[in-house]
Amino acid sequence: SGSAEEGSDGMSALPIAPFEDDRLIGSVTEVTPVCIRVNLPLASKTEGIVLHGSYFGAGEVGEFVCVECGKTAILGRINQVKLPEKDRLTVEPQFGRRPSSHPIGTIQLLCSVSVSTGEVTPGITDFPRVGAAVYSAHPDLLSRVAEFAKLKNPDKLILSLATLAKDPTTLVKLTPEKLFGRHVAILGATGGGKSWTIA
């Protein structure tokens with residue numbers, strides 16, 4: 001673990017190693033062009049994990065993950081967690097012992113990150129193999145991915161938009177081009193802050 005070193009192009013590499021043993025949450029069991037399926041043995045825990053002050057869900061829906069793929073970290077997001085049909089009843093309470101279950105999850109693949117240079121590439125440059133390790137993504141790595149356009153061009157304007165849902169100390173920052181270069185909709189209840197968001 002620890003920080004990656006500066007890349008050969010002079011650009012700073014990743015702020016933290018994406019494949020930390022303490023953040024390991026599962027392994028790949030199936031690969032498709034848009035998603036992967038993984039074993040998530042920690043997903044049946046009643047709570048997530050706090051590691052060095054940073055929370056991670058260890059298999060929660062919505063959690064960002066890094067999948068090991070050679071010299072590339074594939075960033076993905078868990079969008080489904082379930083039990084195989086044969087294990088469905090293992091989560092029912094039983095007297096005197098905690099049931100053993102084997103959750104599986106589906107992860108949407110988002111982008112590729114070079115471990116050596118820190119360069120972020122939209123889409124998937126290489127696909128992981130069955131058995132590849134899956135790690136909960138560190139908040140600093142998520143910030144790096146969101147701010148990659150700013151790192152390539154330090155003079156770009158950057159907007160600080162939000163914080164990560166499970167880690168309010170990690171800011172999410174984007175350039176206006178990333179935010180407004182596509183269709184954008186701001187939705188919310190009356191009094192929810194839509195006008196303030198636009199301002």
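Trainee: What pLDDT does the chain average, and what share of the residues score at least 70?

Mentor: The chain averages 79, and 73% of the residues score at least 70; pLDDT is the predictor's confidence in each residue, from 0 to 100. This is a predicted model, so local features need pLDDT of at least 70 and side-chain atom pairs count only at pLDDT 80 or more, while totals for chains, interfaces and linings use all residues. Residues are numbered from 1 along each chain as its sequence is written, and side-chain values use heavy atoms, with hydrogens and water left out.

Trainee: Which elements have the lowest and the highest mean pLDDT?

Mentor: Helix H2 (residues 148–152) has the lowest, 59, and strand E2 (residues 35–39) the highest, 95. Over residues 1–12 the pLDDT is below 50, and this stretch has 25 contacts in the model beyond near neighbours in sequence. Contact means heavy atoms within 4.5 Å. Helices (H or I, at least four residues) and strands (E, at least two) are DSSP runs, numbered from the N terminus.

Trainee: What makes glutamate 30 and arginine 37 a salt bridge?

Mentor: The definition asks for a side-chain nitrogen of Lys or Arg within 4 Å of a carboxyl oxygen of Asp or Glu. Here the closest N and O atoms are 3.3 Å apart, so the pair qualifies. The count by this rule is 1 salt bridge.

Trainee: Why is glutamate 30 called partly exposed?

Mentor: Buried means under 20% relative accessible area and exposed over 50%, with partly exposed in between (1.4 Å probe, protein chains only). Glutamate 30 has 36%, so it is partly exposed. Arginine 37, at 31%, is partly exposed too.

Trainee: How do you know that E5 and E6 pair?

Mentor: Two strands pair if DSSP finds at least two bridges between them. Strand E5 (residues 64–69) and strand E6 (residues 72–82) run antiparallel and are joined by 6 bridges, so they pair by that rule. They form a hairpin with 2 residues between them, and glycine 70 in the turn has a positive phi of about 65 degrees.

Trainee: Which partners does valine 67 have in E6 and in E9?

Mentor: In E6 the bridge partner of valine 67 is isoleucine 74, and in E9 valine 67 stands opposite valine 134. E5 pairs with strand E9 (residues 133–136) over 3 bridges, in the antiparallel sense.

Trainee: What is leucine 24 in contact with, leaving aside its neighbours within four places in sequence?

Mentor: Leucine 24 touches Leu42, Ala133, Val134 and Tyr135. The C-alpha atoms of leucine 24 and valine 134 are separated by 6.0 Å, although the two are 110 residues apart along the chain.
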